[in-house]
Amino acid sequence: MLPVPRTTAHIARMPGSFANLTIVAHPLIQHKLTILRQRSTSTKDFKQLVNEIAMLMTYEVTRDLPTETVEVDTPLEQTMGRRVAGKKLALVPILRAGLGMVEGIAQLIPSARVGHIGLYRDHETLRPVSYYFKVPAAESDRDFFLLDPMLATGGSAVAAIQTLKDAGAGRIRFLCLVAAPEGVQALLDAHPDVPIFTAALDRQLNEKGYILPGLGDAGDRLFGTR
Ligand code: PRP
Ligand code: URA
């Protein structure tokens, strides 16, 4: 029997032009993503899985958040501890599908503020159409996590990041579950300062701008529409 390859590398960074891309390839995330892709997965399970994967990714996405030293009184004595520094971070889902990722992350970061960016993709042009924008004040020491399960052409993410920057945000990370190479490239070209975290980098887009193999329309599967 062939030996089973073992690795502790749950994280992969793409070489070259995808230097800003982190694939969070933890076995639990990959397992859940496989169920998520499955056509027969119910709306209820889809919603739960999106939240769970987002929650699991949070550990890696927050790895380099700045911390500061604080005093803490234990029941026995005073000591020093560490806590996350800066303004309360902001979770910003791109409507609709990004909403599915908020709760999972907020369970780990309950103090997070939540903003909303309303964008949909025009079915003909595949260009993003903006319809809503409301985010927490963009102070320089606030981290923004922009959330959307799908990075396809990249049009929506590029536009959402631009609106965040226009509002004054300086520290932005983009979290998705499935990315297409075309979208990653577009995002890196437009916003090379924004780190991208994904659970999977898929093969390509089809002629309608859907990710292959992908998981279909994330918004429809999440909310049971169509
Ligand atoms: C989907 C998805 C992203 C966008 C990705 O949203 O949730 O926001 O498409 O595609 P892009 O990278 O080519 O811009 P959609 O436009 O279907 O809106 P919805 O979530 O309201 O259904
Ligand atoms: N939006 C989705 O929901 N799925 C895709 O595959 C592409 C864009």
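This is a predicted model: local features need pLDDT of at least 70, side-chain atom pairs count only at pLDDT 80 or more; totals for chains, interfaces and linings use all residues.
Residues are numbered from 1 along each chain as its sequence is written, chains are lettered from A and ligands numbered from 1 in the order in which they are written, and side-chain values use heavy atoms, with hydrogens and water left out.

**Ligand 1**

A residue is near a molecule if one of its heavy atoms lies within 4 Å of it. Around ligand 1 there are 13 residues, of which Arg121, Asp148, Thr153, Gly154 and Ser156 come nearest. By class, this shell holds six nonpolar, four polar and three charged residues. Here Ala, Val, Leu, Ile, Met, Phe, Trp, Tyr, Cys and Pro count as nonpolar, Asp, Glu, Lys and Arg as charged, and the others, Gly among them, as polar. At least two shell residues each come from strand E7 (116-121), strand E10 (150-151) and helix H4 (155-166). Helices (H or I, at least four residues) and strands (E, at least two) are DSSP runs, numbered from the N terminus.

| Ligand atom | Residue (backbone atom) | Distance |
|---|---|---|
| Ligand 1, oxygen | Alanine 97 | 3.3 Å |
| Ligand 1, oxygen | Alanine 152 | 2.9 Å |
| Ligand 1, oxygen | Glycine 154 | 2.8 Å |
| Ligand 2, oxygen | Isoleucine 211 | 2.8 Å |
| Ligand 2, nitrogen | Glycine 216 | 2.8 Å |
| Ligand 2, oxygen | Alanine 218 | 2.8 Å |

On its own, ligand 1 has 500 Å² of accessible area, and the protein covers 91% of that area. Accessible areas come from the Shrake-Rupley method with a 1.4 Å probe.

**Ligand 2**

Which residues surround ligand 2? They are Arg121, Met150, Ala152, Gly209, Tyr210, Ile211, Gly216, Asp217 and Ala218. By class, five are nonpolar, two are polar and two are charged. For ligand 2 the accessible area on its own is 240 Å², of which the protein covers 89%.

Ligand 2 sits in the largest pocket, and the space taken by ligand 1 is the largest pocket. A pocket is an open set of points, on a 1 Å grid over the protein atoms alone, where a 1.4 Å probe fits, with protein on both sides within 12 Å along at least five of seven lines. A molecule sits in a pocket if more than half of its atoms lie within 2 Å of its grid points.

**Strands**

Two strands pair if DSSP finds at least two bridges between them. One open sheet of three strands has the order E10-E12-E14, with parallel pairing. Its edge strands, E10 and strand E14 (200-201), each pair on one side only. Strand E12 (residues 178-179) is joined to E14 by two bridges in the parallel sense, and valine 178 has alanine 200 as its bridge partner in E14.

In contrast to that parallel pairing, strand E3 (residues 67-73) and strand E4 (residues 78-84) pair in the antiparallel sense over seven bridges. A hairpin of four residues links E3 to E4. In E4, the bridge partner of threonine 69 is arginine 82, while that of aspartate 73 is glutamine 78.

Technical notes:
A polar contact is a pair of N or O atoms within 3.5 Å; within protein, one must be able to donate a hydrogen and the other to accept it, and residues adjacent in sequence count only if both atoms are side-chain atoms. On a 1 Å grid over the protein atoms alone, a cavity is a set of points where a 1.4 Å probe fits but cannot get out, and a pocket is an open set with protein on both sides within 12 Å along at least five of seven lines; lining residues have an atom within 4 Å of a point.
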